[in-house]
Protein chains: 2
Amino acid sequence: MFNNKITKLLHIQYPIIQAPMAGGVTTSNLVAEVSNSGGLGMIGAGYMTPNQMREQIREIKQSTSNFFGINLFVPSEFDVTQDKIKSANQILQPIREQLGLHHIDNLEIPKYDNVLETFNEQIKIVIEEKVPVCSFTFGIPSSKVINELKQHNIMLMGTATTVKEAIENENAGMDIVTVQGSEAGGHRGNFINEDHESLIGLMSLIPQVVDNVSIPVVSAGGIMDGRGLMASICLGAKGVQMGTAFLTCTESGASEIHKEEILHAHEDQMVLTRSFSGKRARGIKNKYISEMEKHEATLPEFPVQNTLTKGIRSASSSQKNREFMSLWSGQSPRLAEKQTVNSLIKNIITEAKNIITAL
Amino acid sequence: MFNNKITKLLHIQYPIIQAPMAGGVTTSNLVAEVSNSGGLGMIGAGYMTPNQMREQIREIKQSTSNFFGINLFVPSEFDVTQDKIKSANQILQPIREQLGLHHIDNLEIPKYDNVLETFNEQIKIVIEEKVPVCSFTFGIPSSKVINELKQHNIMLMGTATTVKEAIENENAGMDIVTVQGSEAGGHRGNFINEDHESLIGLMSLIPQVVDNVSIPVVSAGGIMDGRGLMASICLGAKGVQMGTAFLTCTESGASEIHKEEILHAHEDQMVLTRSFSGKRARGIKNKYISEMEKHEATLPEFPVQNTLTKGIRSASSSQKNREFMSLWSGQSPRLAEKQTVNSLIKNIITEAKNIITAL
């Protein structure tokens, strides 16, 4: 019953992909457990150094012989002026002080050339370590990179938030496209027209994309259980990618406070903010997001703002201060549970089968 | 297979409700055709006088003996100051002039007491004319009104955009709650915390509401075909309410230009604006919405702003000028088709059956 293009291409039993959440959530244990339970585990490698990547890939290979994947952020050029950094630092200083961060070390502001260089090294690692699946967020890599990965039989997945972005992914040679609905937690994956809203709910996005591409579609955003899986399949998707549902699992590397916040949150507490990284992302509203609201438009771009807030994010996290942490979550926190990856996947499949029987 | 609580309560063959779009879209022909084709036709009576309502109800009864419904706007108190009206009129004046509206008649600015009085008269008509189903948007009527309608065996449907609003609807005695996802076209139905976003996609909203109320749930927003119907059912809804899909039908009273604009639109052209009525609503972005963007926060509340823009909306419509019309639409315009109501409903059911067979 779940024998379709996606399960075939990705060599998985169930069409369930664990979203590649960056920033320490996707521990080797999480990724391997997903792949061992019949889904596709994914490393969120967006912020990793090539060495960290290699280490984790090898660790996962020790724990599973099944397919797993990795996600990279596609770099795009960004402006960075000293004035903008200075003004952002002035805005952030009172927040740093509330967290006891009085002495700011010299921050190494990223430059596009270095970011691009790192990306190319990351690609090299993916190829050398023969990672079976590679997905991309924030854009589409060059045809040179795509061709290289394809020559090594690596399955390629792109991210799209509109029909146009999905078509571009298909045209670029992606094997699969993940459509990210407005419900999704964490970073928005839009890459055409940055200023544009492109917050399309999955009920609208999936069928309109499916009608306009021929590659298989995976849906992402607010999907937490067998109901979301079956709804996605009815709308024409071949599989689902789930983030928040895996984030609260026991194997995930998210902090306990992050997990607890999601487990007690309501659907209308999630807001979009670019104040943590410079790119819009969805998370639980807190003091930091509220205070930064009026500065949203003037903050530096990704990844510059991300660098500037690194200290705030890590200090608030180690101080267990929810008010200044990036508490990413999709719009379905009431459906989140604390459970093992294995029971999450088993529950999804059982529920999906029950839904089919009841139809 | 569609024998469930909704079809039973509403005495319909298929769990398909035509959304009660106000402003002339829901002609008697449209409403009757929906009810004659196995769904529930609904009159969008929000802007109607009691007499207009009575007339249309009687007309529909001539064309169908099946159940149909009516929708009313629940009034809430609003502030209106002469200063705010003056400043809004100054903003609107250049737009009026572009449309050749040089002489503005004295506009009759609505007062809350009058709006409430009209609402009570509307309720009286619903009872006198024995309309089988009555739904509400923008709030929940008083328990006095609810009890009166219930005593006359009128089925009551409320609107909710969050779990909390759905629970309030259930507690107030509604028989059914319609959950409006962020995908929906036209006015947002939120009524708790006006400033709050509450833009929850249906993939998240349906299951979270279903888990928290015991009355049956109808889903609304971006649903256009059998895929949307089956997805909603998988998520736990018992039926769907569809607006845009019926708006482009041949029987709908929407202007030809409005229909054509939807038939040629893309999913990412739909934006939220409060510049037409004072309440946020989703429609195709045009010059009017763009020009008013910077004034969004300062415009008068609903229904005052709606009165101020009446001339602009009707002049642009009769001049077939898409740039100043309110082109309401949900986020799935690529799925819209020009067809009869009967074939729309038949296609939905055929597609839904095919989906079930394929599972």
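Tutor: In this predicted model, Lys130(A) counts as exposed because its relative accessibility is 66%, and exposed means over 50%. Lys130(A) sits in the loop that runs between helix 5 (112–128) and strand 4 (133–137) of chain A. Look at its backbone as well: phi of Lys130(A) is near 50°, a positive value in a residue other than glycine. Most residues other than glycine have a negative phi.

Asn153(A) also has a positive phi, near 55°, and is not a glycine. This residue belongs to the loop between helix 6 (143–151) and strand 5 of chain A. Asn153(A) has a relative accessible area of 65%, so it is exposed.

Another backbone detail concerns the peptide bond. Most peptide bonds are trans. The bond joining Phe302(A) and Pro303(A) is cis, with omega about -5°. Pro303(A) is in the loop between helix 12 (287–292) and helix 13 (304–308) of chain A. In chain B, a cis peptide bond joins Phe302(B) and Pro303(B), and there omega is about 0°. Pro303(B) is likewise in a loop, the one between helix 12 (287–292) and helix 13 (304–308) of chain B.

Now to the sheet of chain A. It is open and is built from 8 strands in the order 1-9-8-6-5-4-3-2, with parallel pairing. At its edges are strand 1 (16–18) and strand 2 (41–44) of chain A, each of which pairs on one side only. On average, neighbouring strands of this sheet are turned by 25° against each other, direction ignored. Strands of a sheet pair through backbone hydrogen bonds, either parallel or antiparallel. One pairing to trace is that of strand 8 (residues 217–220) of chain A with strand 9 (residues 239–242) of chain A: they run parallel and are joined by 3 bridges. Ser219(A) has Val240(A) in strand 9 of chain A as its bridge partner.

Helix 7 of chain A lies across strand 5 (155–160) and strand 6 (176–180) of chain A, and its direction is at about 160° to strand 5 of chain A. Within this helix, residues 163–172, is Ile167(A). Ile167(A) is partly exposed, because its relative accessible area is 28%. Leaving aside neighbours within four places in sequence, Ile167(A) is in contact with Asn212(A) and Val213(A). From Ile167(A) to Val177(A) there are 10 residues in sequence and 9.1 Å in space, C-alpha to C-alpha.

Turn next to chain B and its strand 8 (residues 217–220). In a regular strand the side chains alternate between the two faces of the sheet. Both faces of strand 8 of chain B are covered: Val217(B) and Ser219(B) are buried on one side, and Val218(B) and Ala220(B) are buried on the other. Strand 6 (residues 176–180) of chain B runs parallel to strand 8 of chain B, and 4 bridges join them. Among the partners, Thr178(B) is bridged to Val218(B) in strand 8 of chain B. Strand 9 (residues 239–242) of chain B also runs parallel to strand 8 of chain B, through 3 bridges. Here Ser219(B) stands opposite Val240(B). Between strand 8 and strand 9 of chain B the chain passes through helix 9 (residues 226–235) of chain B, in a right-handed β-α-β crossover.

Ser219(B), in strand 8 of chain B, has a relative accessibility of 0%, so it counts as buried. Leaving aside neighbours within four places in sequence, its contacts include Val179(B), Leu202(B), Ile206(B), Ser232(B) and Val240(B).

Two packed helices are described by the angle between their axes and the distance between the axes. The axes of helix 2 (residues 28–36) and helix 15 (residues 341–358) of chain B cross at roughly 35° and come within 9 Å. The crossing is right-handed. Helix 2 of chain B makes the contact with Leu30(B), Glu33(B) and Val34(B), and helix 15 of chain B with Val341(B), Asn342(B) and Ile345(B). By class, 4 residues in this contact are nonpolar, 1 is polar and 1 is charged.

Technical notes:
Residues numbered from 1 in each chain as written. Chains lettered and ligands numbered in written order. Predicted model: local features only at pLDDT ≥ 70, side-chain atom pairs only at ≥ 80, totals over all residues. Heavy atoms only, no water. Helix = DSSP H or I, 4+ residues; strand = E, 2+ residues; numbered from the N terminus. Buried < 20%, exposed > 50% of the residue type's maximum accessible area, 1.4 Å probe, protein only. Contact = heavy atoms within 4.5 Å. Pairing = 2+ DSSP bridges. Axes fitted to C-alpha atoms, helices over the stretch in contact; angles between N-to-C directions. Right-handed = clockwise from strand over helix to strand, strands pointing away. Left-handed = near helix turned anticlockwise from the far one by under 90°. Nonpolar A, V, L, I, M, F, W, Y, C, P; charged D, E, K, R; others polar.
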